[in-house]
Amino acid sequence: MANFNWARLTFTLLGFFILISAPATTATDHIVGANKGWNPGINYTLWANNHTFYVGDLISFRYQKAMYNVFEVNETGYLNCTTEGALGNWTSGKDFVTLDKAKRYYFICGNGQCFNGMKVSVLVHALPPPPSSSTAANQSSPRSTAPTVHHGGLVGLNAFLVAVVSIWYGSWWI
């Protein structure tokens, strides 16, 4: 093994160590409108009523960047389709909003499309307390079967490091 690359091995082991040692946080990423995205003429009330939102979950909006946008507004702005006093504004076309408080959130499209149905309101619930060890042993089903994503802090860094290592060194070690 005359060509053994110690730097490659060290970098790979470091990446695995960080990946294994980071505490995992999970949250559901609720994509508004699912495969229909953020567009006029979609019943977002029906979509929202089919989801349960918890503190720490994400709500993401997918749309054509030059055509639409997203504003977080209060209830009055939601009902009247106005952005006055908006609490947030996103325009990237692939926007992720962390639902960080247990409350009702209101989102609208601010370019007039709110009147064509581009508005959604979601109620975010506090996370239930973790089950005790005796309760957990008696439960047979998880809190939700919804897909989850890892996000934030070291977990996001871990995913980035794994991607970089994979690209840099190829997939020989996976």
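# Exercises on a predicted protein chain

Among contacts in the chain (heavy atoms within 4.5 Å) between residues at least 6 apart in sequence, 72% join residues at least 24 apart. This is a predicted model, in which local features need pLDDT of at least 70 and side-chain atom pairs count only at pLDDT 80 or more, while totals for chains, interfaces and linings use all residues. Residues are numbered from 1 along each chain as its sequence is written, and side-chain values use heavy atoms, with hydrogens and water left out.

**Exercise 1. State how many helices and strands the chain has, and what share of its residues is buried.**

Step 1. Helices (H or I, at least four residues) and strands (E, at least two) are DSSP runs, numbered from the N terminus. The chain has 5 helices and 10 strands.

Step 2. Buried means under 20% relative accessible area, exposed over 50%, and partly exposed in between (1.4 Å probe, protein chains only). Of the 174 residues, 31% count as buried.

**Exercise 2. Describe the surroundings of Ile 59.**

Step 1. Ile 59 is in strand β4 and counts as buried, at 0% relative accessibility.

Step 2. Leaving aside neighbours within four places in sequence, the contacts of Ile 59 include His 30, Trp 47, Phe 96, Phe 107 and Val 122.

Step 3. From Ile 59 to Phe 96, the C-alpha atoms are 5.9 Å apart in space, while the two residues are 37 apart in sequence.

**Exercise 3. Trace the pairing of β8 with β5 and β9.**

Step 1. β8 (residues 104-108) is largely enclosed by the rest of the structure, because 4 of its 5 residues are buried.

Step 2. β5 and β8 pair in the antiparallel sense over 3 bridges, and Glu 72 has Phe 107 as its bridge partner in β8.

Step 3. β8 also pairs with β9 (residues 119-125), in the antiparallel sense over 5 bridges. Here Tyr 105 stands opposite Val 122 in β9.

Step 4. Val 73 belongs to strand β5 (residues 70-73) and is buried, with a relative accessible area of 2%. Among the residues that Val 73 touches are Tyr 106 and Ile 108.

**Exercise 4. Locate the salt bridges and state which parts of the chain they link.**

Step 1. A salt bridge is a side-chain nitrogen of Lys or Arg within 4 Å of a carboxyl oxygen of Asp or Glu. The whole structure has 2 salt bridges.

Step 2. Arg 62 and Asp 29 meet in a salt bridge, at 3.7 Å from N to O. Arg 62 in β4 and Asp 29 in β2 are 33 residues apart. Arg 62 is partly exposed at 26% relative accessibility, whereas Asp 29 is buried at 18%.

Step 3. Lys 103 forms a salt bridge with Glu 72, the closest N and O atoms being 3.8 Å apart. Lys 103 lies in the loop between β7 and β8 and Glu 72 in β5, so the pair ties together parts that are 31 residues apart in sequence. Lys 103 is partly exposed, at 32%, and Glu 72 is buried, at 9%.

Conventions
Two strands pair if DSSP finds at least two bridges between them.
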